[in-house]
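Please read the report below alongside the sequence and the coordinates.

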Amino acid sequence: MSQSLAKQCNELKERYDTCFLKWYSEKYLRGIGTADNNECSTLFKEYSSCLQEALKERGIDRLLEDAREDNKENDAAFLGRKK
Amino acid sequence: MVLTHTTNHTYSHPFPTVTLAFFLRYCSPQLNPFASHVLSTDTISSHVDPETGRLHTTRIHLKKSRMPPAVMKLLPTSLTGGGAADKASYILESSVVDMREGWMSTESRNLNFVGVLSVVERQMYVAPRAANHASGGTTDVETKVVFRSRLGERIRDRLGHPSSAAATTAAAPTDSASNHGQQDGWLSRFGARGVQRTIESLASTKTQDQLGKSREGMRMILERLRQTGIIGVLELRKMARERSMEAV
C-alpha cells in the first residue's frame, strides 16, 4: 500500500484516497457532477493540514518553491530563444 | 545542455480506464510489482475547474533514488553526500484530465538532485478520435523526457548564495564550506560540459529501460481493472493495507 511520506497522515490519506478514487471512477469518468469534487473536500482538508506540516518539517515546501522558480526561469529562457 | 527522448505507445484499453490506472499506478505493490521503489505518494492539491470541467491534480512521490548508479560514480562524494546512491528523491507530478475532450496531460519532475540532473517527463494521453467501439477503445500516449544537467552552473550559483546552498545540501549534510573548492577543482579537471553531457546520456539510457517497466506496471493495473473493476481494486488495496498494518 502506498503510504503517506508522514506516518501520522496515513489514516487521513487513506480515507481521502478512497473517497477520491470512488468519486473519480463513479462520477467524474461518467460525466456526473464534473463541476465539483466537493464530496471529498472535508477529508482532503484534514489530510492536507497534516501533510503540509510534514512537508514543512522535511523542507519539501522549499523544494516546491524552488521548482516553481525553476519553471519560471526555464519558461523565460525558452520563450526568449524562440524569437 | 539538454537531451530529449520521445516515445509513443498505444494501450488497448479505453481512455477513462487508462486515466484511472494513472492515479492507481503506485497504490500497491500487489497491484503493480514494478512500483516497489515508490516509498510514498501524497496529494498536494486536486480541484475541478468549474469552467472547463478539467481535473487538476498535484502529487508528490518519494522514490528510491532514480539517480543512475553510473551517474553517482561519476560524482565526488562531496557532492552526493556519500551514501546518496541509496537516498530517495522527491518527484512532483502534476496532471490535467479533460474528460469532455478526451485527453490527459501529465508532468513529473525531480525536486532534489536538480543541481546534478533535472528530469522532466511529460505525457499526453488521448482517446483516438475515430475510436473503434467494436474493439472496446484504445488510448494513445506520447512520452517526452527532457534531461538537463546544470552541474557547474548550480555550484557557481551556490557559491554566491550561501543561504540557498544550505537549503540544497540540507538533505545530505556535508561540510559545505570545505567542499566547494573540491567540487570546483574536480569539475574543471573533467570539464563541466563533458560531465553534463555524460550525465544526461547515462540518465537517458536508464530512463528508456524504466519506461518499459512503467508501461508494464500500467498494463497490470489495467488488466486488474478489466477483471474486477474499481471496487475490486479498492478491496485489494484495503486488504493489502490491513496486512501491512498487522505486520507492523
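## Model and conventions

This is a predicted model, in which local features need pLDDT of at least 70 and side-chain atom pairs count only at pLDDT 80 or more, while totals for chains, interfaces and linings use all residues. Residues are numbered from 1 along each chain as its sequence is written, and chains are lettered from A and ligands numbered from 1 in the order in which they are written.

## The sheet of chain B

Chain B holds an open sheet of seven strands with antiparallel pairing, in the order S1-S7-S6-S5-S4-S3-S2. Strands here are DSSP runs of E with at least two residues, and helices are runs of H or I with at least four, both numbered from the N terminus. Two strands pair if DSSP finds at least two bridges between them. Strand S1 (2-11) and S2 of chain B are the edge strands, each pairing on one side only. On average, neighbouring strands of the sheet are turned by 15 degrees against each other, direction ignored.

S1(B) pairs with strand S7 (residues 139-148) of chain B in the antiparallel sense over 10 bridges, and His5(B) stands opposite Val145(B) in S7(B). S7(B) also runs antiparallel to strand S6 (residues 118-126) of chain B, joined by nine bridges; here Val119(B) has Phe147(B) in S7(B) as its bridge partner. Eight bridges link S4(B) and strand S5 (residues 103-110) of chain B, again in the antiparallel sense. Met104(B) in S5(B) is the residue opposite Val97(B).

## A helix pair in chain A

Helix H1 (residues 10-26) and helix H2 (residues 41-57) of chain A pack with their axes 9 Å apart, at an angle of about 145 degrees. Axes are lines fitted to C-alpha atoms, for helices over the stretch in contact, and angles run from 0 to 180 degrees between N-to-C directions.

From H1(A), Leu12(A), Lys13(A), Arg15(A), Tyr16(A) and Cys19(A) meet Leu43(A), Phe44(A), Glu46(A), Tyr47(A) and Cys50(A) of H2(A). Residues are in contact if their C-beta atoms, placed from the backbone, lie within 7 Å. The residues of this helix contact divide into seven nonpolar, no polar and three charged. Ala, Val, Leu, Ile, Met, Phe, Trp, Tyr, Cys and Pro count as nonpolar, Asp, Glu, Lys and Arg as charged, and the others, Gly among them, as polar.

## Contact of the two chains

Chain B gives 31 residues to the contact and chain A gives 28 residues. On the side of chain B that touches chain A, at least two residues each come from helix H1 (15-24), strand S2 (38-48), strand S3 (55-64), strand S4 (88-98) and helix H7 (192-247) of chain B. This side of chain B has 20 nonpolar, seven polar and four charged residues.

Conventions:
Contact = placed C-beta atoms within 7 Å.
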